[in-house]
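Trainee: Could you take a close look at one part of this model with me, and then show me what surrounds the rest of the picture? I would like to follow it step by step.

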Number of protein chains: 2
Amino acid sequence: MDIRTVAAEAGVSIATVSRVMNHVKTVDPKLSKRVWEVVNRLGYVPNTQARALVSGRSRLFGVIISDITNPFFPELIQGFEEKAVEVGYETMIGSTKRDLKQMELCIQRMLERKVDGVAVMTFGIEPLLLERLSLQGIPMVFIDVAPPGHAITPPPGKAISTISIDYEKGIREGVQHLAVLGHRRIGFLAGPRYLHTALAREHAFRRSIQAIGLALPEEYVFEGDHTAEVGMDGMSALLALADPPTAVMCSNDMTAIGAMHTALGAGLRIPHDLSVIGFDDIRLAQYMFPPMTSIQMSRRDLASAAVMALKAHIDESEDHPAPSNTGIETRLVVRQTTSIPRGALSDLKPGE
Amino acid sequence: MDIRTVAAEAGVSIATVSRVMNHVKTVDPKLSKRVWEVVNRLGYVPNTQARALVSGRSRLFGVIISDITNPFFPELIQGFEEKAVEVGYETMIGSTKRDLKQMELCIQRMLERKVDGVAVMTFGIEPLLLERLSLQGIPMVFIDVAPPGHAITPPPGKAISTISIDYEKGIREGVQHLAVLGHRRIGFLAGPRYLHTALAREHAFRRSIQAIGLALPEEYVFEGDHTAEVGMDGMSALLALADPPTAVMCSNDMTAIGAMHTALGAGLRIPHDLSVIGFDDIRLAQYMFPPMTSIQMSRRDLASAAVMALKAHIDESEDHPAPSNTGIETRLVVRQTTSIPRGALSDLKPGE
DNA sequence: GGCCGCGCTGAAAACGTTTACCGCTTGTCA
DNA sequence: TGACAAGCGGTAAACGTTTTCAGCGCGGCC
């Protein structure tokens, strides 16, 4: 069942069928109608491969993430896909599992399928490898992957843009929120430091703490890996301190979930004995008990910005240059894991 | 950069390059080596579309699920993808969002890309639509979608198989576990009844309850939709009863998360005041507080069985027929949301 | 009434592979 | 040394589209 069958059945040429399927408007409505009837009757579906082969465009975007199992990503993917469909593209997903081998395979597959653009949201897809994409002139958008101008220095003309996330704002709101409640000892369960995303959050935290004049003993910061598992370890470490923090901020929600787990397991009441703030505001955060206070960045905005950046590169012209960077804001969403610290008064004593 | 470039550079014909890339062993190792060198030097990547077009096989499997945002599915997808890669296939994902329109688009996309097989794990991809795939002779595997022999009655020769899940075992274990602990009033937060998966769980629950001679007032069963949101509603409904259950079993873990949320919010202690059992045993279950007792079915086994079934259909021959059905077991994983009911003794009074 | 132009359709080339088929080379055996 | 077989490599067709280009028919204008 191919275009020829349809053409024969409708008594037109294959060129006409092609035009009808692509909604080219120079086709006589009479013929168009006849063709559509045949198409529906026969259930004809055009072959994407042949289409892509000849047109040179696959109408396919790739999304590279690190771990589809982290709830943050499916939410992102869904947004990406919806937006992509909106502008006429399909989406293929590559999960690197933070493994170099997987990254290579991932890039290989994207190249094989001749994607028209790639969104990257994982660290360490080594610039070396990405070079391969850029060599082919494939537009790319890096979502919060590296500090602008660092590591990835695109050949000036290349179709590369970045989406940067303003961690500062959300995290400052979070720290201030805690400070206003009366917390003076605030810990941070960081993400892996080789990961720009994580490091940026940590830096934002440190700056916010400093800005309001609080002390930050180095043992209040624990480097984790953004999994619940290690979030538990981090919390254990903080609780073991002589003078444990009365509040913890976490580099992502999975870490926060692990932290809450350990804290509750140790008999602490949240938020009474310990305040917790997550980051990402995955959907699940509100179903935790208590519902988690978290810092949100809109997955929808982010996905949408990524798609639009790719599209812009593809349609780029002198009068319509693609944006080289888009910023996304973060904001605090207060729920019920934050409150006045139990020892608030004593913390306020001079000398603290 | 195509096969011709490589051929020219290596001083061989394109046929040889093709053979080298496909590991055909009739190629002189000398030539093969030369070709590989050129391939690596130039970074040549074969074009999947052209390949698929001429060979007639896309080396692509489709997976149709209902909602990528439910943590159960990413875990499934990951397993499927790994197994698929193992046998030489890639995976494309279709998320129907339980929307008829989306299902149509989904099938359309699979047909367009000429997938070599499809795994379905969502209800109501209307048989009508699936007919379209089967018409094309595309192998399909239905994962726990409909009772065998029901709805989907494949034209006998067609490449369709099913994977059925033995809910009975896991759920019986769960109910017995509760009964042994002393629970007599056990509620069930069901999934949507139009969904075979959910209905099967509900039936298994009812049978298990009956088997051990407990009563099951109809208001102890609440029909939900497998979201945390509605799990909360369900729990509220149960708690509002004059004589609320001392334990609830849930049709999936998201529902259980919602239920726990509401119960804890109402001031109940889990498991002291209320025991909870989930279903699916998503990874998150163990990070809840308390860690959730749940009924597990191995995502890995399930994904693996699906891939193998598709592969078997593709390679089918007289002496190697594909399996028409594969069974997957379920089993109880006991954690800390189940214990002796507070009112255990009074419940045991005669007359109960 | 004739010519020009416009709107629409169809023929054919091209996209980058795989693979059947054919022919060459090389080795072996008589 | 010659003939034949086996093993390899190359030529060309084919896959299902899109798209360019040319041509046909019809209407309007002079």
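Mentor: Let's start with Lys158(B), which sits in the loop between strand E4 (140-143) and strand E5 (160-166) of chain B. Strands (E, at least two residues) and helices (H or I, at least four) are DSSP runs, numbered from the N terminus. Please keep in mind that this is a predicted model: local features need pLDDT of at least 70, side-chain atom pairs count only at pLDDT 80 or more, and totals for chains, interfaces and linings use all residues. Residues are numbered from 1 along each chain as its sequence is written, chains are lettered from A and ligands numbered from 1 in the order in which they are written, and side-chain values use heavy atoms, with hydrogens and water left out.

Lys158(B) is partly exposed, at 31% relative accessibility. Here buried means under 20% relative accessible area, exposed over 50%, and partly exposed in between, with a 1.4 Å probe and protein chains only. Leaving aside residues up to four places away in sequence, Lys158(B) touches Ser134(B), Leu135(B) and Gly137(B); contact means heavy atoms within 4.5 Å. Ala190(B) is 32 residues from Lys158(B) along the chain, and 34 Å separate their C-alpha atoms.

Now look at Ser95(B), in strand E2 (residues 90-95) of chain B. Ser95(B) is buried, with a relative accessible area of 10%. Among the residues it touches, beyond those up to four places away in sequence, are Ile65(B), Asp67(B) and Cys106(B).

Next, move to chain A. Four of the five residues of strand E10 (residues 293-297) are buried, so this strand is largely enclosed by the rest of the structure. Strand E9 (residues 275-280) runs parallel to E10(A) and is joined to it by four bridges; two strands pair if DSSP finds at least two bridges between them. Gly278(A), for instance, has Ser294(A) as its bridge partner in E10(A). Strand E11 (residues 325-333) of chain A runs antiparallel to E10(A), again with four bridges, and Met297(A) has Thr330(A) as its bridge partner there.

How do the two chains relate? Chain B can be laid on chain A by a turn of 180 degrees and a shift of 0.0 Å along the axis, with an RMSD of 0.0 Å. The two copies are thus related as by a two-fold rotation axis. That superposition is by least squares on the C-alpha atoms of residues with pLDDT of at least 70 in both copies. Gln49(B) is the residue of chain B that comes closest to the axis, its C-alpha lying at 2.3 Å.

Finally, visit DNA strand D. Surrounding it are 26 residues, and the closest include Ile3(A), Tyr44(A) and Arg19(B); a residue is near a strand if one of its heavy atoms lies within 4 Å of it. H2(A) gives the most to this surface, with four residues.
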